[in-house]
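I am opening my notebook on a new model.

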Amino acid sequence: MIHLRSIVPVERTEEVVAGLTADPGVTNLVVLPGAARDPAGDVVLCDVAREAADGVIEELKLHGLAAHGSISMDQIELSISKAAEEAERRAPGHGDDAVIWDHLRRELLEGTRLTWTFLAFLTLATMLAGIAALLDSPILIVGAMVLGPEFGAIAMISYGLLFRRWREIGRALGTLVIGFAFAVAVTFVCTWAGELLGIVDVARLPEERPLTGFVYSPDRWSFIVAVLAGAAGVLSLTSDKSSSLVGVFISVTTVPAAGNLAVALALGHLTEVRGSILQLLVNVLGMIVAGVVTLLVQWCGTRILLKRTPRGSHGG
């Protein structure tokens with residue numbers, strides 16, 4: 001269940017409450033007249049089945065609450081209520097399949113912020129991938145994949161392409177380009193310094209690496225894996241099952257390719273540079289394509305479901 005809190009202009013409270021009452025997925029409706037001060041208005045509280053939440057939010061926005069009031073949402077961890085169970089039963093679809101589009105957009109926007117934390121995680125992941133290249137260690141490759149924070153920005157590009165939000169696409173692209181450039185540069189400098197100090201040996205990056213050579217040898221399977229991982233990643237975000245993202249990260253070699261690129265540049269193994277760049281681009285492109293297609297299917301499904309949703313009756 002989702003808990004919605006709205007601040008409603010007094011003159012619109014009656015129609016908002018009427019719409020919420022008519023929605024079969026809404027329950028535990030509470031109205032606090034004149035409780036809000038900034039912005040001024042009535043406070044309307046309700047619990048909504050997750051599968052009905054997107055439609056309810058859209059209806060509240062049609063009443064002008066985004067501009068002249070407020071809409072906020074919280075996830076309910078526990079709800080002991082027969083009325084809530086009935087609301088979930090009446091709401092069409094299933095909560096795991098529901099997409100709350102405004103919530104998804106906000107989460108993706110957070111993932112595109114170019115913060116020091118983002119740069120730190122991406123740099124640490126890239127350095128770990130560089131060490132994995134030197135040691136031919138698949139375990140370190142997996143660690144680098146899990147540590148990398150770049151999937152949110154890639155998913156934002158897919159979202160932006162679907163809904164034609166060009167500014168947000170530009171922001172996500174900027175975050176990826178600057179982030180990877182910074183991470184590769186730091187890893188390059190560290191590798192170069194390690195070579196000068198005798199910590200890293202040029203010979204430690206052989207041309208044949210049976211366990212990690214895939215990070216600079218893209219083929220058709222690289223794109224197929226990226227497509228599957230991109231679809232799974234978007235599904236895990238839209239269904240609020242973030243634990244599934246770990247499997248996605250382990251499947252895609254964006255960060256390992258960046259780490260290999262930095263080490264190969266620093267040690268002068270230019271034959272691997274092109275393959276690393278191509279592997280990085282193939283994986284990013286595959287995830288973007290899969291993200292757009294997955295979001296499009298979910299959006300069409302949501303629109304169809306909303307059109308079939310019975311309103312005006314709480315009957316089972």
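My entries follow.

**Ground rules.** This model is predicted, so I use local features only at pLDDT of at least 70 and side-chain atom pairs only at pLDDT 80 or more, while totals for chains, interfaces and linings use all residues. Numbering starts from 1 along each chain as its sequence is written, and side-chain values use heavy atoms, without hydrogens and water.

**Helix H12.** I looked up H12, residues 254-267. Helices here are DSSP runs of H or I, at least four residues, and strands are runs of E, at least two, numbered from the N terminus. At 1.5 Å a residue, its 14 residues should span 20 Å, and the end C-alpha atoms are 20 Å apart, which agrees. The expected span is 1.5 Å times one less than the number of residues. I found 13 of the 14 residues buried, so H12 is largely enclosed by the rest of the structure. Buried means under 20% relative accessible area, with a 1.4 Å probe and protein chains only. Gly 268 follows H12, with a positive phi near 80°.

**Cores.** A nonpolar core joins buried Ala, Val, Leu, Ile, Met, Phe, Trp, Tyr and Cys residues through side-chain atoms within 4.5 Å. The largest has 41 residues; Leu 104, Leu 108, Tyr 159, Phe 180, Val 255 and Leu 295 touch the most other members. Helix H8 (151-163) is one of the elements giving two or more residues to this core. H8 gives the most, eight residues. A second, separate core has 22 residues, including Leu 4 and Val 16.

Key
Buried < 20%, exposed > 50% of the residue type's maximum accessible area, 1.4 Å probe, protein only.
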